[in-house]
Amino acid sequence: MAPTTQLPRPIIVSGPSGSGKSTLLKRLFEAYPDRFGFSVSHTTRSPRLGEEDGIAYNFVTKEAFRKLVDEHSFIEHARFGSNLYGTSVGAVKSVAEKGRTCILDIEMEGVKQVKKTDLNARFLFLQPPSVEILEKRLRGRGTDKEEDIQARLAQAGKEIDFSHIPGVHDQIIINDDLEKAWQEFKAFCVPDER
Ligand code: ADP
Ligand code: 5GP
């Protein structure tokens with residue numbers, strides 16, 4: 001792999017679960033199919049309806065995940081709720097090898113770890129208009145059990161508090177109106193089109 005300084009800078013998208021990361025990323029990949037590549041994380045969570053192994057995530061057992069940790073396969077990894085998530089060196093490398101901008105969708109502990117690496121990433125935080133609206137969207141998505149929704153809402157407060165620390169993120173986008181958020185998201189990811 002070429003030195004990271006010669007590669008397009010990776011983009012780290014974070015924000016509470018339900019803030020709209022997947023929705024906006026789907027649009028981005030559809031609008032720019034050859035420009036970006038998704039860093040496919042490993043997770044121990046079960047696939048949701050429609051999530052394909054190797055596309056949305058690499059779905060693995062806790063044992064397999066721990067083995068990868070022991071083998072130093074991850075750039076960063078963290079627990080979210082009762083599940084483990086991690087970005088492998090291989091996931092980022094396979095995007096970089098195509099010359100594409102690598103996009104990571106990760107939570108805040110991962111953000112802290114990425115900041116300590118030489119990835120030279122840009123950090124974008126997606127914020128819901130309010131916790132009440134976030135709760136409605138999480139419920140509306142219909143993918144999570146009640147206890148998971150409660151855990152995700154509890155975590156949302158921590159993510160939002162962390163995002164307020166000056167300098168953590170290069171940009172914060174409030175995802176109220178989807179079209180407005182998309183325009184801001186696109187402008188951050190494709191700055192040369194501004
Ligand atoms: P994340 O990937 O951050 O967990 P999603 O992209 O799955 O969040 O979005 C959570 C839910 O909120 C989805 O059902 C999505 O369709 C909906 N949603 C996202 N953005 C908006 C918006 N601006 N207005 C209304 N609903 C939205
Ligand atoms: P979900 O279960 O909704 O797909 O993801 C839950 C949370 O885990 C989200 O905040 C998402 O950004 C985060 N996440 C997904 N993959 C990774 C990863 O590889 N590392 C870290 N640290 N967080 C991740």
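Helix α4, residues 108-115, packs against α6 at an angle of about 35 degrees, and their axes are 10 Å apart. The model shown here is predicted. Which residues make this contact? From α4 come M108, V111 and K112. From α6 come Q155, K158, E159 and F162. The residues of this contact divide into three nonpolar, one polar and three charged.

An angle and a distance were given for this pair. Two packed helices are described by the angle between their axes and the distance between the axes. The next pairs can be read in that way.

Stay with α6, which spans residues 146-163. Helix α5, residues 131-141, also packs against α6. Here the angle is about 150 degrees, and the axes are 11 Å apart. Angles over 145 degrees count as roughly antiparallel, so α5 is roughly antiparallel to α6. The crossing of α5 past α6 is right-handed. On the α5 side, V131, L134, E135, L138, R139 and R141 make the contact. On the α6 side, the contact is made by E146, I149, Q150, R152, L153 and A156. What kinds of residue meet here? Six are nonpolar, one is polar and five are charged.

Now turn to another pair. Helix α1 covers residues 21-31, and helix α7 covers residues 178-189. Their axes come within 10 Å and cross at roughly 55 degrees. That angle makes α1 oblique to α7. Is the crossing left-handed or right-handed? α1 passes α7 in a right-handed crossing. The α1 residues in contact are T23, L24, L25, R27, L28 and A31. They meet L178, E179, A181, W182, F185 and C189 of α7. This contact of α1 with α7 divides into nine nonpolar residues, one polar and two charged.

T23 takes part in the contact of α1 with α7. R141 takes part in the contact of α5 with α6. Look at the polar atoms next. A polar backbone atom of G18 is 2.7 Å from an oxygen atom of ligand 1. S22 uses its side chain: an N or O atom there is 2.6 Å from an oxygen atom of ligand 1. N175 also uses its side chain, with an N or O atom 2.8 Å from a nitrogen atom of ligand 1.

S41 places a polar side-chain atom 2.6 Å from an oxygen atom of ligand 2. What part of G86 lies 3.2 Å from an oxygen atom of ligand 2? It is a backbone N or O atom of G86. I106 also has a backbone N or O atom there, 3.4 Å from an oxygen atom of ligand 2.

How values were computed:
Residues are numbered from 1 along each chain as its sequence is written. Chains are lettered from A and ligands numbered from 1 in the order in which they are written. This is a predicted model: local features need pLDDT of at least 70, side-chain atom pairs count only at pLDDT 80 or more; totals for chains, interfaces and linings use all residues. Side-chain values use heavy atoms; hydrogens and water are left out. Axes are lines fitted to C-alpha atoms, for helices over the stretch in contact, and angles run from 0 to 180 degrees between N-to-C directions. Helices (H or I, at least four residues) and strands (E, at least two) are DSSP runs, numbered from the N terminus. Angles under 35 degrees count as roughly parallel, over 145 as roughly antiparallel, 65 to 115 as roughly perpendicular and the rest as oblique. A crossing is left-handed if the near helix is turned anticlockwise from the far one by less than a right angle, and right-handed if clockwise. Contact means heavy atoms within 4.5 Å. Ala, Val, Leu, Ile, Met, Phe, Trp, Tyr, Cys and Pro count as nonpolar, Asp, Glu, Lys and Arg as charged, and the others, Gly among them, as polar. A polar contact is a pair of N or O atoms within 3.5 Å; within protein, one must be able to donate a hydrogen and the other to accept it, and residues adjacent in sequence count only if both atoms are side-chain atoms.
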